[in-house]
Amino acid sequence: MTDALAPAEAATEPAAPAGGGGLGRYLAAKVGAALLSLALIVVLGFLLFRALLPGDAVRTMTRGRPVSAEGLAELERQYGLDLPLWRQFLRYLGNLAQGDLEQSYTFRVPVIQKIGERLGPTLLLVGVGTLIAVALGLWLGQRTAWRRDSPFDRTATGVALVLWSAPTFWVGLLLLSATSGLFPSGGITYPDTPPGFWPQALDTAHHMVLPTLTLVAVVYAQYQLVMRTSLIEEMHADHLLTARAKGLTDDQVRRRHAVPNALLPTVTLVFLHLGLVVSGAITVETVFSWPGLGLLISEALRAPDYPLLQGTFLVLAAAVVVMNLIADLLYRVLDPRVRAA
Amino acid sequence: MSATWARRRAAAGAAWSQFTAHRAGVFGLGVLVLIVMLALAAPLLTGADAVDVTKATGERLRPPSGQYWLGTDENGRSVAALTLWGARISLLVGLSAALLSLAIGTVVGVLTGHFGGWGSAVLMRLTDFFLVLPSLVLAIALSTVLGAGAGTIVLAIAVTSWPSAARLVRAQTLTLEARPYIERAKALGGGHGHIIARHVLPGVLPLVFVNATLAVGTAIVAESTLAFLGLGDPVAVSWGGMLRTASTSGAVTAGAWWYLVPPGLAIAVVVLAFTLCGRAAESVLNPRLRER
C-alpha cells in the first residue's frame with residue numbers, strides 16, 4: 001500500500017528494459033538481477049530476525065510457562081541460538097538450501113509445512129480476486145478514457161479514487177457488518193458440510209464472496225486509473241486518425257487500434273504491483289479469518305512467532321521477485337518495440 | 001538575491017493560480033486544512049478525559065444520541081471524541097513517515113543522479129530491490145523486530161516507501177544535469193556541493209513536494225493497516241487502533257456501525273483529500289497530464 005498510485009507512471013517511465021544486445025543478454029541481465037534480489041532477501045531475512053531481534057527469542061517462546069535454566073539452554077541449542085552470529089548464518093543458509101525453514105514456536109511443526117498448508121487458500125483468493133479486478137479495471141479504464149469527462153467517467157473515476165483511498169480492512173469490516181448473516185463471517189468451509197466435491201466447492205464459494213469482493217474493491221482502482229491515463233495518451237496517436245479516416249466505427253477504432261497499445265503498461269503493472277495484492281491479502285484474510293498465508297502472518301504476529309514470520313517473509317518476498325521477473329520477460333514478448341530494440 | 005526571490009515568488013504565484021484552477025484540488029486542500037485544525041483543537045473541544053478509559057461516562061456500545069453524537073465504544077467512551085483525538089496520531093505518523101521516506105528518497109536520488117559510477121549503481125540496485133519487496137510484509141517484519149509503537153511504524157513505512165521517491169528524484173536529477181546551465185556552472189568551477197545545493201535541489205524540490213502530498217495519503221493507510229494488525233502503540237488512540245478494537249471487541253458482529261464508520265471514513269476522507277491535492281499539484285508541474 002506504500003507505493004503511490006502514480007497515475008503518471010506509465011507516462012514518465014515506460015519501464016523500458018535496457019536496450020541493445022540480443023535476447024540472450026537481456027535474459028541473462030534480468031535473471032541475474034532477480035537472483036541477486038533473492039540473495040538479498042535471504043540476507044535481509046536473517047538480519048531482521050536474528051541480528052536485530054531484541055531480547056532473547058527463547059524467552060518469548062516459553063512465555064507464560066515455567067521453564068528451568070537447563071530447559072532454556074536446551075532450547076537455545078536446539079535453535080542454534082548459542083552459536084556466534086556467523087555460525088548461525090551458515091546454519092541458516094544450510095537449512096534454507098534443504099528447504100528447511102525451522103520449527104514454528106506456536107504450531108510446533110516445521111514452518112515450511114505450515115506455509116504449504118496455507119498456500120492453497122491464498123492462491124485461490126488472490127487468483128480469483130486479481131482476475132476480477134484486472135478485468136473490471138481494464139474495462140472501466142478504457143470506457144472512462146474513451147468518454148472522458150462524461151458523467152460516466154466522473155462517477156467511475158470518483159468511485160475508484162474513493163475505494164482506493166479506503167483502507168482494505170475497513171472495506172471488509174463494512175461489508176461484513178452490512179451483510180450480516182447473509183454470508184459466513186469467517187473461515188473457508190463450515191465443519192458440517194458433507195464431503196464430496198460439489199458441496200465443498202459451493203460452501204467455499206459462499207465463504208469466498210466477501211473476501212474476494214473486498215480484495216477486488218481495493219485493488220481494481222489502480223488498474224482502472226492506469227488504463228485510463230495510458231489510453232488517453234494513446235488517443236492522439238496518428239494511427240487512430242488513419243483508422244477513423246478509413247471509415248472504421250468508433251468501437252472498432254477503440255478495440256482494435258487504441259486499446260492494444262494502451263494495454264501494455266497496464267499488463268506489466270498487474271505483475272509489478274503484486275506486492276500490493278499481497279498486502280491486501282494479509283488484511284483481508286485477517287478480517288475474514290480466511291485460512292491462508294495472510295492469516296498465518298497475523299497469527300504469527302500475536303505470539304510473536306519469529307521463525308514463522310521469517311518463513312512467510314522469505315516465501316512472499318521471493319514470490320514477488322519471481323513474478324516481477326515474469327513480468328519483465330512477458331513485456332519483452334508482448335511489445336514488439338522493445339523486442340526490436 | 002532579492003531578484004532571485006522576486007522571481008521565485010512570481011513562479012510560486014503562477015503555480016498557485018494554476019492550482020486553484022483545479023476545483024478538486026482546492027476542495028481537497030480545504031478539507032485538509034479543516035481536519036488539521038480540528039486535530040489541533042482536539043484538547044480544546046473535548047479534553048483528554050474524554051478518551052481516558054478510567055473516566056468513561058457512557059454505557060458500552062450505545063448508538064448515537066444527543067449526548068454522544070456518534071455513540072460509545074466498548075468502554076463507554078464517546079466515539080466522536082475518539083475519532084477527533086485519533087486524527088492527531090494518524091496525521092502525525094502519516095506526515096512524519098512521508099517526510100522521512102522522501103528525505104531518504106531525495107538524498108539517494110540526488111546522489112545517484114549526480115555522481116554516477118559504481119557506488120550509484122549499487123545504490124540503484126538496492127533501490128530496485130526495495131521497490132519490489134512487498135512493503136506490508138517488510139513493514140510487519142520490521143515492526144515485530146523493533147517492538148510496537150508509533151516510532152516503529154514511522155520507520156517501517158519510511159523504510160518501505162523511499163524507493164519510489166528515489167527513482168523519481170534520480171530521473172529528474174538526470175534530466176536537470178543534462179541542461180546547459182549546469183554545464184556552465186561546472187565550467188565556471190562550481191563544486192559538487194554548489195551544483196547540488198544551488199542548481200539541482202531547487203529543480204527537484206517541487207517534484208518532491210508533489211510526491212509528498214501523494215505519499216502522506218499512502219502513509220496514513222499504511223499506518224492504519226499496521227495499527228489494525230496490532231503493531232501500533234496500544235495506549236494511544238488512532239484510527240487504525242480504533243478499528244482494531246472495534247473488530248476484536250465484537251462491536252462489528254454486534255452491528256455497532258457507529259463505531260466502525262467514523263474512523264474508517266476519516267481515513268478515507270483524509271487520504272482522498274491528499275490524493276486530490278497531489279493530483280492537482282502534479283498537473284501544475286507536468287502540463288502533459290493536464291488533460292486528465
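What share of the contacts in chain B with a separation of 6 or more comes from residues 24 or more positions apart? The figure is 70%, where contact means heavy atoms within 4.5 Å. Before I go on, two remarks on conventions. This is a predicted model, in which local features need pLDDT of at least 70 and side-chain atom pairs count only at pLDDT 80 or more, while totals for chains, interfaces and linings use all residues. Residues are numbered from 1 along each chain as its sequence is written, chains are lettered from A and ligands numbered from 1 in the order in which they are written, and side-chain values use heavy atoms, with hydrogens and water left out.

Let me start with chain B as a whole. Its secondary structure consists of 11 helices and zero strands. Helices here are DSSP runs of H or I with at least four residues, strands are runs of E with at least two, and both are numbered from the N terminus. Along the sequence the pattern therefore reads α-α-α-α-α-α-α-α-α-α-α. Taken along the principal axes, the C-alpha atoms of chain B fill a box of roughly 75 × 45 × 35 Å.

Chain B has 292 residues, and 49% of them are buried. Buried means under 20% relative accessible area, exposed means over 50%, and partly exposed is in between, with a 1.4 Å probe and protein chains only. The accessible surface of chain B is about 13,300 Å², and carbon and sulfur atoms hold 67% of that. Those areas come from the Shrake-Rupley method with a 1.4 Å probe, and for residues only the protein chains shown count as cover.

On charge, chain B has 21 positive and 12 negative charges, and their mean positions are 12 Å apart. Lys and Arg count as positive, Asp and Glu as negative, and His and the chain ends are not counted. Each charge is placed at NZ of Lys, CZ of Arg, CG of Asp or CD of Glu.

Next, the interface. How many residues of chain A are in contact with chain B? There are 57 in chain A, in contact with 47 residues of chain B. The area buried between the two chains is about 4,700 Å², with 76% of it from carbon and sulfur atoms. Buried area is the accessible area, with a 1.4 Å probe, that two parts lose on being put together, summed over both. A salt bridge is a side-chain nitrogen of Lys or Arg within 4 Å of a carboxyl oxygen of Asp or Glu.

Over all chains, the structure holds 10 salt bridges. In chain A, the side chains of R228(A) and D153(A) meet at 3.0 Å, N to O. That pair links distant parts of the chain, since R228(A) sits in helix α9 (residues 197-234) and D153(A) in helix α7 (residues 151-165), 75 residues apart. Both R228(A) and D153(A) are buried.

The second pair is E117(A) and K114(A), with a salt bridge of 3.3 Å, N to O. These two are three residues apart in helix α6 (residues 111-146) of chain A, so about one helical turn separates them. E117(A) is partly exposed at 43% relative accessibility, whereas K114(A) is buried at 11%.

Is K186(B) buried or partly exposed? K186(B) counts as partly exposed, because its relative accessibility is 41%. E177(B) is buried, with a relative accessible area of 15%. Apart from these pairs, R147(A), R244(A) and D250(A) are joined into one network by salt bridges that share partners.

Now a residue in chain B, A185(B). Its place is in helix α8 (residues 180-187), and A185(B) is buried, at 6% relative accessible area. Leaving aside neighbours within four places in sequence, A185(B) is in contact with G190(B), I195(B) and H199(B). From A185(B) to L174(B) is 11 residues in sequence and 16 Å in space, C-alpha to C-alpha.

Last, two backbone angles in chain A. R108(A) is a residue other than glycine with a positive phi, near 60°. R108(A) lies in the loop between α5 (85-97) and α6 and is partly exposed, at 46%. D149(A), also not a glycine, has a positive phi near 70°. D149(A) lies in the loop between α6 and α7, and its relative accessible area of 43% makes D149(A) partly exposed.
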